[in-house]
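Here is a short report on a structure that may be new to you. Look at the chains first, then read on.

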Amino acid sequence: MTDRRWWVLVAAVVAVSAVAGAGAAPALRFDRNIKVGVVDTYSGPPAVFATDALNGFKLALQEINRDGVHGARIEFVTRDEKFSPEIGLSMARELVLQERVDVLVGILNSATALAISAFAREQRVPAFVWIAKSEDITGAKGHRYVFSTTENTAMAGKALAEAVAKKGFTRFWLGAEDYEYGHRITNSFWRFMKRARPEATLLGQTWWRTGEPDLVPYLTQIQQARPQAVFFGTGGAGMANVLRTMKVIGFNVPTAIHTAIDVTVLRPLGAAAPEGVFGTTDYLFYYPDTPANRKFVQDFQAAYGAPPGFPAFHGYITAYFIAEGFRKARSLDRERFVDALEGLRIPTPVGEVEMRACDHQAVLPMIFGVTRRDPRFPFLVGGDLVTLPGRDVMPTCEDIETARRRAR
Amino acid sequence: MDAGAVLGQLVVGLSRAMILFIVSAGLTLVLGVLRVPNVFHGSLYMVGAFVAWSVAEALGGHPSGLWLALAAAPLVTAGVGLVLERLLLSRLYHREHLMLILFTFGVMLVLNDLVKMLWGPTYRSLVPPPSLQGAVTVFGVALPRFNLVLLVAGPLVAVGLWLFAHRTRAGKVSRAAATDRDMVAALGVDVSRVFALAFAVGCFLAGLGGALVAPTTSITLGMDHSLLIDSFLIVIVGGLGNLWGALVGSLLFGVTQSVGLLVWPQFAIAFPYAVTAAVLLVRPTGLLRSAW
């Protein structure tokens, strides 16, 4: 058959199926585009995480908008929250009341996430939190209109504590940054450590300011106290400072830190990161090595010149939850959208992810591993990786129910 | 807790105090001579760190890169300071302090956005040359080798500033202007040029502090915030405009923090602030004589 005949045939098939399709179910078309308001920290040290998340979100929107959601495109506007709950809340207010967005997303700062969540509840606007990890967001302070597409401190603390408990340490020191996430993750780790190993004792704890540039005095003091193992509750640039200082002073106490094996943490450090640190994360661009993950990583790398970190993965799945939610709801109505999201499962680069109906927490797996060199990369990666299914590390729906009842 | 541990923590605290001293010395110099509370002093410290990183990066990790970075970064910030002083600040000296604070605050916002545009939001690491990597053990406590550089740089800057203030004409005029600028002007000295020089030296010190801190921490947007607050506290505790006050304040700040960790780790975060508050209750104008 010549090329031209092929085309005629293809055109005929397309035409017939289009007519048949139209006859079967009248195609639903939204009469306007879907508008998403993004509030996140685009200035200061955390901007690197917020930008990564936004890039993942934008990549997904490019894919989604090729076909659209019932004929509608997903558009977005961004606002810089400057790591301040007050600014974040007024930005959210402006986006909902003036820009009339359908959905709020973003938020790296846990304190801002809780403030915006309360506002979302009052305005009945669905809000997605994609980086902020306070377990209160979908736990004690969760409600019908807030969703989390990130792992939280309850999940991370449990996963890390149970994995570290198996190593046999009993005398611990806790060190953390003095802010919402630092307190949450540290409390969660210690709560689950005591549950896993009731004989575990706390030798002491140290707190420092977020953005503390010089951690040498803190770490030398901990080293002198001779604990068997240390947990650090740090995030963002503070994370990098802890790891760098550990390496420089040859910190010799076994250490566990949530996100220590994460690429957003290890890549900027290059050779300045220490080997042998236990860590957890919910996404790695090189693991699991599946076709879906490879494709996501390739597309992301091509678009932004760097491999995706966990925020990019969260941004990416958030866009798909929004698209699939509206697709399933067959309406731009917020209430129907929320109903559609409950229990919704979407395919993601790491397999199917469910939006748990009882608490609106995405069921994300946790990956546990230890930092080590890898000849394939100029920075450290996670080794001895183990995946812990989301179900096993999440609080049960009954736990959530109890926490919410207590909060009321 | 043994004596060695305390001495070790003391040395660790001293190296941090040196950075604080270098940056606060610049701030207090500008406060003393120009009477300007320079809110963008912290931004120049951040610019210094980023410039140091870029210079070291451009030389591809060659050991000389760090030394060149330490020389280049303060010159860049001094240049930025000089341009801003000549173009804008010099027109505002007769205004009230609130105006000057608002102006320097505005410059801070612009500079911070410029840093974001030039270097992006990613944080950077400046790896020191191999001879300065790792740590040495001092009284049983691990001290990063690079902190030895800080322990040398601090006193060098102090001596250099002393020589500038007491042995050069510009320095002497600066000191005189700090005490009574109208009198100095009445004697026919071009105060404006002295101001420009003092401001440039102040900005030089901010950049030097940034370049010196670069190999020890994450170079990141927002690294200026906590430092700016600490520097103002140190300058106030030491006595506004008093260089030795900046030294005393920095030592007080750095050492109470590191030694406080041995005493009560859980609340060490509050120690330097508790001490500064106590000092201000007893001596509201600072430990040493204020130039104001």
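This is a predicted model: local features need pLDDT of at least 70, side-chain atom pairs count only at pLDDT 80 or more; totals for chains, interfaces and linings use all residues.

Residues are numbered from 1 along each chain as its sequence is written, chains are lettered from A and ligands numbered from 1 in the order written, and side-chain values use heavy atoms, without hydrogens and water.

**Between the chains**

Chain A puts 35 residues in contact with 32 residues of chain B (heavy atoms within 4.5 Å). The buried area is about 3,000 Å², and carbon and sulfur atoms give 57% of that. Buried area is the accessible area (1.4 Å probe) lost when two parts are put together, summed over both.

One salt bridge is counted between chain A and chain B. Its side chains belong to Arg209(A) and Asp230(B), at 3.0 Å from N to O. The term needs a side-chain nitrogen of Lys or Arg within 4 Å of a carboxyl oxygen of Asp or Glu.

**The disulfide**

Across all chains, the search finds one disulfide (cysteine sulfur atoms within 2.5 Å). Cys358(A) is joined to Cys397(A), with 2.1 Å from S to S. The link is left-handed, at -85° about the S-S bond.

How accessible are these cysteines, and Cys203(B)? Buried means under 20% relative accessible area, exposed over 50%, partly exposed in between (1.4 Å probe, protein chains only).

| Residue | Relative accessible area | Class |
|---|---|---|
| Cys358(A) | 32% | partly exposed |
| Cys397(A) | 30% | partly exposed |
| Cys203(B) | 0% | buried |
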